[in-house]
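Here is my note on the model you sent. Please read it with the structure open.

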Amino acid sequence: MTDTIETPSAPTKSRFSKFWDGDFAWSFRHSPVAIIASLVVLVLVLSAVFAPLIAPYNPFDPASLNLMNGFTPPGTPNAFTQDTFLLGTDDQGRDVFSTILYGMRISLFVGVSAVLLAMIIGIVLGLVAAYFGGWIETLIMRVADVQLTFPAILVAMLIFGIAKGVTPPEYRNEMAIYVLIIAIALSDWVQFARVVRGAALVEKNKEYVQAARLIGRGSFPIMFRHILPNVLSPVLVIATISLALAIIAEATLSFLGVGAPPTQPSLGTLIRIGQGFLFSGEWWILFFPACTLLALALSVNLLGDWLRDALNPKLR
Amino acid sequence: MSLLTINDLTVEFPTRRQLFTAVDHVDLSVEPGEIHGLVGESGAGKSTIGAAIMGLLDRPGRIASGTIKLSGDEISGLDADAMRGLRGKKISMIFQDPLTSLNPLFTVREQLTETIQAHLGGTDAEANQRARDLIDRVGIPDPDTRLDQYPHQFSGGMRQRVVIALALCTEPDVIIADEPTTALDVSVQAQILDLIKELAQERQVGVILITHDMGVIADTTDKVTVMYAGKVVETGPTSQVMGQPTHEYTKSLIAAVPRPTLKLHRFPQISYGGRETRFAVEDMARHWPKVDNDTSKPVFEIRNLTKKFLQRKGLLPWDRTYFTAVDDVSFDIRAGEVFGVVGESGSGKSTVARMIAGLYPVDGGTITFDGQVVSDLTNRAALDAYRKNIQMIFQDPYSSLNPRMRVDDIVAEPIRHHKLMEGADVKRRVDELLDQVGLGHEAGLKFPHEFSGGQRQRISIARALATQPRFLICDEPTSALDVSIQAQILNILKDLQEHLGLTLLFISHDLPVVRQMCDRVAVMKQGKVVELQETNALFANPQTEYASELLRLMPKLDDLSTDGLEAEV
Amino acid sequence: MFAYIVRRMLQSVIVLLVVGLVAFSMFRFVGDPIDNMLGQERTQADIDRLRTELGLDQPIPVQYYKFLKEAVQGNFGVSYRQGRPVSTIIAERAPATLELAFVSGFLAITMGIALGVFTAIRRQGVAANIIMTVSLIGVSLPTFLIGILLIYIFSVELDLLPSFGRGETVMIGNWSTGFLTTSGLKALILPAITLGLYQMTLIMRLVRSEMLEVLRADYVRFARARGLSDRVINFRHALKNTMVPVITITGLQLGSIIAFAIITETVFQWPGVGLLFINAIQFVDIPVMAAYLMLISVMFVSINLIVDLLYYAIDPRLRVDARAT
Amino acid sequence: MILRNSAIGIAMLAATSVQAADFKWASTTDPQTMDPHAVNSAPVLGFLNNVYEGLVRRDKDMSVQPALAVSWEPIGEGDGWRFKLREGVTFHDGSTFDAQDVLFSYQRASGEAADTRSWFAPVSEVIVVDDYTVDIMTTAPNPLFPSSIANWMIMDQGWTEANDAAVPDKEAGNFATINANGTGAFKVTEREPGLKTVLEPHEGWWGDVEHNITRAEFNPIQNPATAVAALLSGDVDMINPVPIQDVARLQEDVDIEVIQGIEARVIMLGFDHEAETLKYTDDEGKPNPFRDPRVRKAVAKAVNVDAILATIMRGNAEAASQLVSPAMSGYSSAHAERPAFDVEGAKALLAEAGYADGFSFGLKCPNDRYLNDEAVCQAVVSMLAQIGITAELEAMPVRNYWPELREDNYDMYLLGWSPGTFDAEHPVRFLVATPNEEKKLGSWNFGGFSNARVDELLPAIQSELDETKRQAMLDEVAKIIQDEQVYVPMYVQPLVWGTRSNIELTQRPDNFFLLRWVTVN
């Protein structure tokens, strides 16, 4: 409750210093897991973003590939060409290291945009459902049920199919990635909607919303200006975790054959290709991409975990 | 040798910033059958003492020094199992909110018997018998059926009785009651306090009654200890401490308590420790639109106002059931007056307020403002025009401000929405307001959570005044605040009404407060207005059964010292 | 209560119809069954004839309507691929999937709850933190990869468990079960783990966070104040309250196990409906796909319903008689 | 079993001396039906060859040998063929085999609903001379007819009609889709489509038993990795195919044998010969370069087949110069040369054709049809990139692939062809002849290549009885195809089977796996 004494308000500190010794930053600074995880994520993301600068080769440029380099083990010279590759090469003679960097780019791009899309859809529908209630709510939540009925794979195939049907043939390859994004997003928005709705139902009845209505603010300003900021923290948690999920979903879809084009493999496509060589001794084609995926997903998940606790005031 | 003795107890909470001493070298003793009051405002450390005795200090709190003896034996620093043996058996506890302190998923019987058997063992039959007796004892009618019901099927008062029964399960020597009646209505509060008194007497239990409510202390306790910031400032027999307080803090506390008997002009501003923050209502008055408050004509005419809420939604219209929150209510509010509405929880008083504020649509009847019917306004312009003149101050200063908005945005929102000013002017106006409510304009850059309850209520006031309204709705504006803060806020409201000629609709469950604030009062019960009178008249001779009952049950504060209070002339 | 159920039922039916329509509009895009049904020497004439025979030349709504008309009589048509009634095929395959789903679901729930409670009670403990981190690996690798790795380790390298199929099965009535033979049980292990791991992690984390909430509630403190033992408090008071929110999610998770089974079954060649469905997609076996989708959605819808009813069972506050007196 | 064998004769002692055994094998696809006339696809025919038999059958070396017919000779000047049927042959259900069954099977297999009818295009009628003699009359002289009907399987009229399966039914299916009653060495005792099929020896079989199998179980396993795992862990005794990349690993394993052979299937690149312009190009509206033979030749030169064989195929395949492999009859040894890998030459040709600075186009490719098809296509893309023409690759499952090709959504595509008749005429009929619906010609000639001379030669080839004349014509066609570079043949797809080392079996070039040649030691 309140303090007895009305203390004179202290001179306001700079935004950063305030944030820095805020509980949030503090619990971050005192959680080695969070620090390590975010470092890993940072490194991976940066190396993906700057792939063209870091990667020794450009695996997406067919002209640069030499098939004879295929299946070169890590660090040992190729039998025919005598070229050596840090992490070896895959069946097409692509440098695995470079391919991972470029592939991670695609995976991250797909993952992030899918999650963002899912988030937007989920937030809007969730807020609308919670704020207006009634048949709108029922409708939205039932649609969510339908959504859950379809395994992501199906949704993906459906969208691939439709996109195939509607887009002129020559654009399909460009399209593949975006279809992937939409597919994952569509199979992922439901949980956002559910969470946002749940949280918004609570906030909706708080007095500050009443106050805003009293002032005469319209429904949408209230929803997005007032309620939304207060339901964001759970959304944030889900977002991180479903980012990991999205990246994995992308991998799974590629495994089932609806994924990034083979000429521009994503991390998932790499793993799909690699798992074919699991028994044949070319372990590196699977191993390194898999490790990268694991590292990425794991640290993102760990971050999400830490966020969940850090953003929960009761846990402090 | 007394039942429970606390010597030189110090409890510390090491936080990451500094070591916070919640309880600072406190001595305390309780005799069998004695009710010992522990009073002080929030943060005084009174609840911490309770927790310390129970050995239930939340991490990272720890007993830094001192001893707690129960009938002579040291109990502080016992190991977990030994402590569990004591808890419930020798010492038990009653929490503030009966709703949350009972497990919603278990029947009353289950919760009672499990506790009984945990300590006394015995067969189910015995446990059941004992449970039944207890329920009967704490005055719950028809125990046999009630035993097998779930907490949510009990009303607040009954629930608290269940909690007490649970606390009594095993004949403890000491009961710690932490704000046992704060969440209850006046009438129920009285009953519960009587029950506790009786039990203390008949079973010779020592009771530590933790509360912030001087009324409760005065009516119930034999001895009282006043705490401030972890320290004991004064202790002694209740009548003495309340009658002739010696310590400055005790004085200020008592002075701040609203009296049902005499109406004050202003609460005395004897403030202890903190510096008094000035509320510059005069500057505000300077450029405030003059309003002629000819008290003859009403600002509001409320006619046959009715509101129904859907209670059970059914598939078909006829299997839906409604509950009538406001039932055919009519009254006028005269310009410039403070119109009070009192009633217990569920009486529909807040619903009336929200309908007038236009937050709830009206199901029946009309609301007329300045001769214009506003209850069915649909066109936006007219609505905004109306809203400009109506503002509201909410009960809970914690949820009434958007935690994610900076204070200056909160205050500026109405100005911007009603397009009263643009650009720099808005900022200037906001700073002005913040200065005037005594927070200083630099407060605008902070977020609500950086302020104390009283300060937040000031922010709400600033927001409410931003549109220079003529009419202010105060819905339990102080019920969440400590008395001293309450005094300040109430003074502010009185000033506003006087200097700015505002008309106030004042909703409260607290009769003394109403007495201090209101010119006329409507008493509501189950959605109906049962009585409407001049305040003084009402307190002098209530017309209805219900009103007089309410007055009878409210705590008597006759033996509280009255020095420093000047009655209204 | 009754009205509530009726309303949900109605909504559910609508859901089903929508699913069906979406499904149907989808098939057209999955591919063309014709080429799988005709051999190398087929001519355009054959193609067109077959198309009309299958009614693929009609507009989608017509096809859907026909399908529905049959479906309500439990007749899902005949599989293009196997030339047998879809209902029979699914009846044959369902036991495999259901047994797999049941075992992994059971694993997921029991382990999930147990570990969740443990990690919640020992929140600061080293063991708890290790469990939390390790469990994340379960959700950080794609299921198919985990499956393949398990096969590689346990059947190829160690040669302990079968690498595919469900071993010997025994027919009880027309339900083929793998529970009664050792080979059947051995065959269950790897797929069940692969399928259950993800769900387990999810449930565990959910239980943990809910539990942490509950342990902070007043009635838990009051229970402590009454001197109840930690065991009673954790497992009687806290756990039961934790269950309320856990149930919904868990329900949905169990539903999605069936869907996830698609991948697991492909990796382990597990003869269930998931595998059937993947084959159906490969061969554009429209009747099978349609039936499968319907099956799944019925399952989901009923799970949703059951979950809601379970609420009533667990939480007295929701029961009809509930009114403060 | 031993008893019965000894009763039948000494010939069997060899087989019986080895102890009887169970045998399990796995393949990627399950035969979609047990009806030998319903679907004309390799998995079905291959599997059913164990259960049903034709008048003739192919031996381990693909040579045609007597089966239900003991002998055959031409009638008159190529009016048809007379088959003498084997006596004392019984179906699995015990009923005896005679000429009526042959006639019935002809009517059934050549009927409207049958997928095998195209085999009988040359047949005018079938005459039952006596119980064990049948004349099959052909519209035109047809030297290859006997070898073209090796997969035409004889069903028992009585059984089939009794279970009203007289007409094959692809869509709805009938009794014969899950049950079988042939004369073959094995009978189907258990059939769960998509899961497992159990075969047991047919006691009454007429032939010499060379196997020692008492029970054989077939499981389809889609995921190659799983299949390999199953073989390694001994859950199955044989898998077909072995993923090329796993060959090395399996060879290291002492318990595993890898059996490799050359399949009849030739993998090639096809072009769009008709379209005026390219469909998937950055420079819209330019004329379609692939109509120019020089461009097609350039492509042929640019593709480094040896590299593909060395890496992706791991040295398990042979380069191809024609639409058929050398193992096929009618293969033109005169044109065994395939254009050498020569980037400069390719560039020169492009320049000559006016595409010095290259162009971009779309390459379509299946990803679940041929061995490593997707990988090969990728390799082709990067090789073509070396000569400055950039291909945009779209790989898709075969269920979308054929419709795509039929709708002409490609500029270049990958195709594999194995001649059902094991003769060079087959691909000419389907891939090179000008498409013609009623003559049922060129039905897989998606690119719409058309050459008057080829169309003229084809009927002649079909009806020529004299081997040398026929070969001369085939050589000429082969030459035209090479000069025009109608297709770019790349390699002959390898056959790679894996078995436990205690298994002896025979691998036939048509990738048919016959249980009667299996011995479990």
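1. Ground rules. This is a predicted model: local features need pLDDT of at least 70, side-chain atom pairs count only at pLDDT 80 or more, and totals for chains, interfaces and linings use all residues. Residues are numbered from 1 along each chain as its sequence is written, while chains are lettered from A and ligands numbered from 1 in the order in which they are written.

2. Chain D, overall. Chain D has 17 helices and 19 strands. Helices (H or I, at least four residues) and strands (E, at least two) are DSSP runs, numbered from the N terminus. Its radius of gyration is 24 Å, close to the 24 Å that the globule rule gives for 521 residues, so chain D is as compact as a globular protein of that length. The radius is taken over C-alpha atoms, and the rule is 2.2 Å times the number of residues to the power 0.38. The C-alpha trace of chain D spans about 75 × 55 × 45 Å along its principal axes.

3. Chain D, inside. Of its 521 residues, 55% count as buried. Buried means 20 or more other C-beta atoms within 10 Å of the residue's own, with C-beta atoms placed from the backbone. Of the contacts in chain D with a separation of 6 or more, 70% come from residues 24 or more positions apart. A contact needs C-beta atoms, placed from the backbone, within 7 Å.

4. Chain D against chain C. Here 37 residues of chain D are in contact with 41 residues of chain C. On the chain D side, α7 (175-178), α8 (224-232) and α14 (398-406) each give two or more residues. α8(D) gives the most, with 5 residues. This side divides into 13 nonpolar, 16 polar and 8 charged residues. Ala, Val, Leu, Ile, Met, Phe, Trp, Tyr, Cys and Pro count as nonpolar, Asp, Glu, Lys and Arg as charged, and the others, Gly among them, as polar.

5. A helix pair in chain C. The axes of α10 (residues 230-268) and α12 (residues 286-314) of chain C come within 9 Å and cross at roughly 165°. That makes α10(C) roughly antiparallel to α12(C), a word used for angles over 145 degrees. The contact has 15 nonpolar, 3 polar and no charged residues. Among those meeting are C:M243, C:I247 and C:L254 in α10(C), and C:F300, C:I303 and C:L310 in α12(C).

6. Helix α1 of chain B. This helix (residues 46-54) is mostly covered, with 9 of its 9 residues buried. Among them are B:K46, B:S47 and B:M54. B:G55 follows α1(B), and its phi is positive, near 70°.

Terms used
Buried ≥ 20, exposed ≤ 12 C-beta atoms within 10 Å, placed from the backbone. Contact = placed C-beta atoms within 7 Å. Axes fitted to C-alpha atoms, helices over the stretch in contact; angles between N-to-C directions. Parallel < 35°, antiparallel > 145°, perpendicular 65-115°, else oblique.
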